[in-house]
Amino acid sequence: MQETRMTIGGRAVPGTASFEVRNPANGQVIGTAPNGSRDDLAAAVAAAQKAFTSWSRKSDDELAAACRAVTEKIGAHAEELARLLTLEQGKPLNGLGSRWELGGAAAWAGATAALSLPPRVLQDNAQGHVEIFRKPVGVVGSITPWNFPVLIAVWHVLPALRTGNTVVIKPSPYTPLATLRFVELLNEVLPEGVVNSVSCDDRTSNLGADMASDPVIRKIVFTGSCATGKKVMQSAASTMKRLTLELGGNDAGIVLPDADPKAIAEGLFWGAFLNNGQTCAAMKRLYVHASIHDEVCEHLAAFAKQVPMGDGMDEKNVLGPVQNRMQFDKVARLVADAKKKGQVLTGGEPGEGLFFPATIVAGLKNGDALVDEEQFGPALPVIRYTDVEDAIRAANDSENGLGGSVWSKDIEHAKRIASRLECGSVWINKHGAIQPNAPFGGVKASGLGVEFAEEGLKEYTDAQVIFS
Ligand SMILES: NC(=O)C1=CN([C@@H]2O[C@H](COP(=O)(O)OP(=O)(O)OC[C@H]3O[C@@H](n4cnc5c(N)ncnc54)[C@H](O)[C@@H]3O)[C@@H](O)[C@H]2O)C=CC1
Ligand SMILES: O=Cc1ccc(S(=O)(=O)O)cc1
């Protein structure tokens with residue numbers, strides 16, 4: 001049993017109540033997290049505000065060194081955090097699971113440490129000297145989801161620290177344990193109050209909502225559902241907070257007629273089923289040209305059938321359970337509806353507990369629920385097309401615009417199609433492969449702003465221009 005604590009001003013805070021956290025693989029209680037109150041949040045915000053005074057005055061070199069120390073901590077505790085993550089999130093230790101997530105967390109932390117935003121001279125002549133500086137905004141509130149708890153915490157916290165901000169982070173009630181431990185570890189190498197954590201069950205208290213309207217917090221970075229993202233945006237208006245919103249997607253993949261069905265099967269599968277499909281930028285709809293449709297379906301289903309699924313603590317598994325009952329029920333509802341309209345190529349029946357076999361359903365079209373709604377789980381609809389213009393139109397016929405992909409042997413042709421997709425990232429012959437040196441963010445209802453690289457770092461700063 002992991003009994004976790006919030007970290008407020010460098011101190012471990014148990015809170016006056018707690019809630020249970022269960023392993024989605026077997027339903028067993030694996031730990032408890034504090035059910036923090038508004039007073040706990042106020043204390044965390046006050047600690048972050050106090051720490052901001054000295055943290056924001058650190059030199060660029062000092063901030064970079066602190067981020068490198070955090071990177072080392074993550075690396076040193078990667079296996080401990082990975083095990084905790086598997087227990088609470090369900091994703092396997094192996095494959096593209098917890099160890100992979102922790103590897104990504106260390107890589108992203110290191111890459112963020114190496115970024116910087118030096119002042120830039122805009123003008124230097126007889127008329128005057130004009131220079132732009134990037135200044136930290138103040139206390140940053142980070143609200144994270146349950147799909148990649150540690151990696152997304154790093155995506156939120158490290159750029160904030162690197163630019164001289166202090167942080168209050170609140171993890172999802174489904175997966176608070178690894179994040180609370182992560183913040184404890186950070187506090188071993190950072191001054192007190194620089195990173196604080198609060199947790200709550202979202203029922204008796206909802207500190208995410210309170211953070212969004214808090215008058216001291218100057219920015220919210222939020223990853224989660226579109227519905228909650230919209231609420232955060234509304235609450236943030238009254239205090240004119242800066243916002244980065246990484247919200248849901250309904251990414252389309254388009255397979256062109258010249259693609260090699262066998263060669264792309266593995267990439268298509270992991271593009272859709274990374275983290276059991278519980279990934280914002282997973283491929284959630286697959287449009288395949290009629291000339292190779294059946295062959296693509298055959299190879300994709302054959303690949304899916306041999307992927308081992310089970311308890312993530314078992315080293316042989318590379319897919320685990322769906323993380324929670326709400327998500328499982330959503331996937332089950334969408335698959336039940338899809339079965340009435342299309343042909344199930346593999347999977348299709350809910351398994352034991354929260355296990356849902358990788359499911360692929362062909363014969364669907366836009367307008368069917370599994371195509372139109374974000375399933376955020378292990379179920380992929382396949383849509384046949386004959387004219388690529390129809391496929392582009394159908395791909396863009398969504399309120400979301402996070403990612404997309406085009407699959408073809410002709411890279412230049414694929415890139416021309418890519419440029420017509422209404423989304424923030426498009427991959428050719430892969431899907432969802434984000435990297436720290438490339439900005440990542442959604443258009444339309446998929447969010448606001450970007451993460452990663454200098455563009456992402458800037459979002460944690462205000463510009464100040466000095467004219468002399
Ligand atoms: N795009 C993504 O990364 C994710 C998308 N989802 C989608 O969202 C759906 C719902 O999943 P949830 O876990 O309920 O996502 P959610 O968007 O409600 O939760 C994300 C975070 O927001 C917090 N939160 C809840 N209410 C809030 C409020 N009023 N103001 C500020 N923060 C608040 C939660 O505690 C959690 O930390 C899923 O079915 C899935 O489709 C879920 C998780 C991640
Ligand atoms: O590659 C890892 C990865 C890709 C996307 C996301 S999400 O879009 O933020 O869910 C998470 C991890």
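The dialogue below treats the sheets, then the ligands, then a salt bridge.

Reply: Please keep in mind throughout that this is a predicted model.

Me: How should I read a sheet, and in what order do the 7 strands of the open sheet run?

Reply: Two strands count as paired if at least two bridges are found between them. Here the order is β15-β16-β17-β14-β13-β19-β20, with mixed pairing. Strands β15 (343-346) and β20 (425-428) stand at the edges; each has a single partner strand, so one side of each lacks a neighbour in the sheet. On average, neighbouring strands of this sheet are turned by 25° against each other, direction ignored.

Me: In which sense do β19 and β20 pair, and over how many bridges?

Reply: Strand β19 (residues 403-407) pairs with β20 in the parallel sense, over 4 bridges. As an example to locate on the display, G403 has S425 in β20 as its bridge partner.

Me: Which strands does helix α13 lie across?

Reply: Helix α13 (residues 388-396) lies across β13 (251-255), β14 (283-289) and β17 (379-385). The angle is taken between N-to-C directions, on a scale from 0 to 180 degrees. Helix α13 runs at about 170° to β14.

Me: What is the strand order in the open sheet of 3 strands?

Reply: That order is β1-β5-β4, and the pairing is again described as mixed. The edges are β1 (2-3) and β4 (18-22); each has a single partner strand, so one side of each is left without a neighbour in the sheet. The pairing of β1 with strand β5 (residues 29-34) is parallel, over 2 bridges, and Q2 stands opposite G31 in β5. Helix α3 (residues 78-89) lies across β1, β4 and β5, at about 90° to β4. Helix α6 (residues 177-187) also packs on the sheet and touches β1, β4 and β5, its direction making about 55° with that of β5.

Me: Turning to the ligands, which residues come nearest to ligand 1?

Reply: There are 28 residues around ligand 1, of which W146, D202, S225, C280 and Q327 come nearest. Polar contacts are then read from pairs of N or O atoms within 3.5 Å. A polar side-chain atom of Q327 is 2.6 Å from an oxygen atom of ligand 1. The side chain of T228 places an N or O atom 3.0 Å from a ligand oxygen atom, and that of N206 places one 3.2 Å from a ligand nitrogen atom. Taken alone, ligand 1 exposes 810 Å², and the protein buries 89% of that.

Me: Which residues are around ligand 2?

Reply: Among them are W100, N147, F148, C280, A281 and F440. Backbone N or O atoms approach oxygen atoms of ligand 2 from C280, at 2.8 Å, and from A281, at 3.0 Å. From the side chain of N147, an N or O atom lies 3.3 Å from a ligand oxygen atom. Ligand 2 taken alone exposes 320 Å², of which the protein buries 95%.

Me: Finally, how many salt bridges does a search of the whole structure find?

Reply: The search finds 23 salt bridges. One pair to inspect is R162 and D60, whose side chains meet at 3.0 Å, N to O.

Me: Why does the pair of R162 and D60 tie together parts that are apart in sequence?

Reply: R162 lies in helix α5 (residues 149-162) and D60 in helix α2 (residues 60-76), so the pair ties together parts that are 102 residues apart in sequence.

Technical notes:
Residues numbered from 1 in each chain as written. Chains lettered and ligands numbered in written order. Predicted model: local features only at pLDDT ≥ 70, side-chain atom pairs only at ≥ 80, totals over all residues. Heavy atoms only, no water. Contact = heavy atoms within 4.5 Å. Near = heavy atom within 4 Å. Polar contact = N/O pair within 3.5 Å; in protein donor to acceptor, adjacent residues only side chain to side chain. Areas by Shrake-Rupley, 256 points an atom, 1.4 Å probe, with all protein chains shown as cover. Salt bridge = Lys/Arg side-chain N within 4 Å of Asp/Glu carboxyl O.
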